[in-house]
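Morning, everyone. Let me put the chain up on the screen, and then I'll walk through it.

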Amino acid sequence: MSLKKRFSSATLLSVLALTPIGIFPADVAAQKSVSPVAPRRELVESVVKEAYSKFSTDTNGKNADYIPYLAQVDSKLFGIAIVTTDNQVLSMGDVKYSFSIQSISKVFTLALAMQEMGADKVFQKVGSEPTGRPFNSPLAVVDMQTHTGNPLVNAGAISTTSLISGSDANAKWNKILDFYSKAAGEKLQLIDEVYKSEAATNTGNKALSYLLAKYDRIYADPFESVDIYTKQCSVGVNAVQLARMGATLANNGVNPATGERVIKAEDIPHILSTMMMAGLYDGSGGWAWTVGLPAKSGVGGGIVAIAPGKGAIAVFAPPLDEAGNSVKAQKVIEYVTQKLNYNLYSPSSVGFK
Ligand code: DON
């Protein structure tokens, strides 16, 4: 059903009467150049508001606790942010709280690796096959022909991080952090407590790294690579920053707030297809079935989903399901995607009646 059909003028009037939420003054100017496919602000605003009240009391799921810091984070924190390709920013809830990006970082290190050495080389060195196994599975490394799986599971991500060039570990880490900051449109920072907490407990990732070495699928020192990977997972983002990183992907690699090209346009399809296949790990099939948008989760409680050409939605809520994906974030994104008709596989999302 088209947006026009779903919203009669009476509905539109009632939507316009809603109190605006989280409108950032800097975005008013940006609204003048309207993207042909970016959704109407009033509509997005009302959908975000509905989703927030519908799911704010949901208490399902449990904080990650294998990284001790994450077990202490307030489970009730809940924030939703949408950034559109024409730089409208709509947000609600705890959207200033800085949480660790965790596995969502893997998407951007993949983008950086492709920028440095070309997509073909990355594909050859890491591959892009869904594992159907938990994100930290050593069995996937042993069993799969590629041994890495894909750049979004821990093994493939550590392998991808090991591809980033630099004179030493610090130079590589700073390059990664700068790249993430460009995608977010502002300087991001390491949450030192998260890094320390994870570095003290990441024996499983160290084991994965050495297992990759056995199969010649790690391209720098295994311990150095795990350490840089642990730092990239400990970068702090709030929901708006994360949505802006997603909107950079939705906007063909150009950050909609700064106008800077961050990711090569030719790399976008590789990134989004990998997110669709593996972004929610062994929950990715169900996600594609119900939501139909490329997305990536992190055990910090964030999920970002990309509506190409339109925008990105980021949700932060710490309690996770068995696969390590935020329960509330999945529900909110599913709801918003249906309401805004964003599902990529839905014929009506591209104009069929
Ligand atoms: O390596 C880890 O286990 C964490 N730093 C990241 C895992 C993660 O976020 C999985 N995501 N849902």
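Start with Arg40. Arg40 is partly exposed, at a relative accessible area of 36%. For the cut-offs: buried means under 20% relative accessible area, exposed means over 50%, and partly exposed is in between, with a 1.4 Å probe and protein chains only. Its partner is Glu42, and the two form a salt bridge with the closest N and O atoms 3.9 Å apart. Salt bridge here means a side-chain nitrogen of Lys or Arg within 4 Å of a carboxyl oxygen of Asp or Glu. Glu42 is partly exposed as well, at 28% relative accessibility.

A word on provenance. This is a predicted model, where local features need pLDDT of at least 70 and side-chain atom pairs count only at pLDDT 80 or more, while totals for chains, interfaces and linings use all residues. Residues are numbered from 1 along each chain as its sequence is written, and side-chain values use heavy atoms, with hydrogens and water left out.

More on charges. Side chains of opposite charge can pair when their charged atoms come close. The whole structure holds twelve salt bridges. One of them joins Asp143 and Arg133, at 3.2 Å from N to O. That pair links distant parts of the chain, ten residues apart: Asp143 sits in helix α8 (138-143), and Arg133 in the loop between α7 (119-125) and α8. Arg133 is partly exposed, at 26%. Another salt bridge runs from Asp178 to Lys187, with closest N and O atoms 3.5 Å apart. Which of these counts as exposed? Lys187 does, at 54% relative accessibility. Asp178 is partly exposed, at 39%.

Now the overall picture. The chain has 17 helices and eight strands. Both are DSSP runs numbered from the N terminus: helices are H or I with at least four residues, strands are E with at least two. Of the 353 residues, 58% are buried. Take contacts, meaning heavy atoms within 4.5 Å. Among those between residues at least 6 apart in sequence, 70% join residues at least 24 apart.

On to the strands. β1 covers residues 79-84, and six of its six residues are buried. Gly79, Ala81 and Val83 point one way, while Ile80, Ile82 and Thr84 point the other. What does β1 pair with? Strand β2 (89-93) is one partner, antiparallel, over five bridges. Two strands pair if DSSP finds at least two bridges between them. Gly79 stands opposite Gly93 in β2. β1 and β2 make a hairpin with four residues between them, and Asn87 in the turn has a positive phi of about 65°. Strand β8 (311-316) also runs antiparallel to β1, joined by six bridges. There, Thr84 has Gly311 as its bridge partner.

There is also an open sheet of three strands, in the order β3-β5-β4, with antiparallel pairing. Its edge strands are β3 (99-100) and β4 (189-190), each pairing on one side only. β4 meets β5 (235-237) through two bridges. Leu190 stands opposite Val235.

Next, the interior. A nonpolar core here is a set of buried Ala, Val, Leu, Ile, Met, Phe, Trp, Tyr and Cys residues joined through side-chain atoms within 4.5 Å. The largest has 53 residues, and Phe108, Met245, Leu249, Ile263 and Ile271 touch the most other members. Helix α14 (239-250) gives the most to this core, with eight residues. A second, separate core of 29 residues includes Ile80, Leu90, Tyr335 and Tyr342. Back to Ile271: beyond four places in sequence, its contacts include Val107, Leu110, Leu249 and Ile263.

Ser105 lies in helix α6 (105-117). Buried or exposed? Ser105 is buried, at 0%. Beyond four places in sequence, Ser105 is in contact with Tyr180, Gln232 and Cys233. Ser349 lies in the segment after α17 (327-340). Ser349 is also buried, at 15%. A polar atom of the Ser349 side chain lies 3.0 Å from the backbone oxygen of Asn343. Contacts of Ser349 beyond four places in sequence include Lys310, Asn341 and Tyr342.

That's the tour.

Definitions and conventions. Polar contact = N/O pair within 3.5 Å; in protein donor to acceptor, adjacent residues only side chain to side chain.
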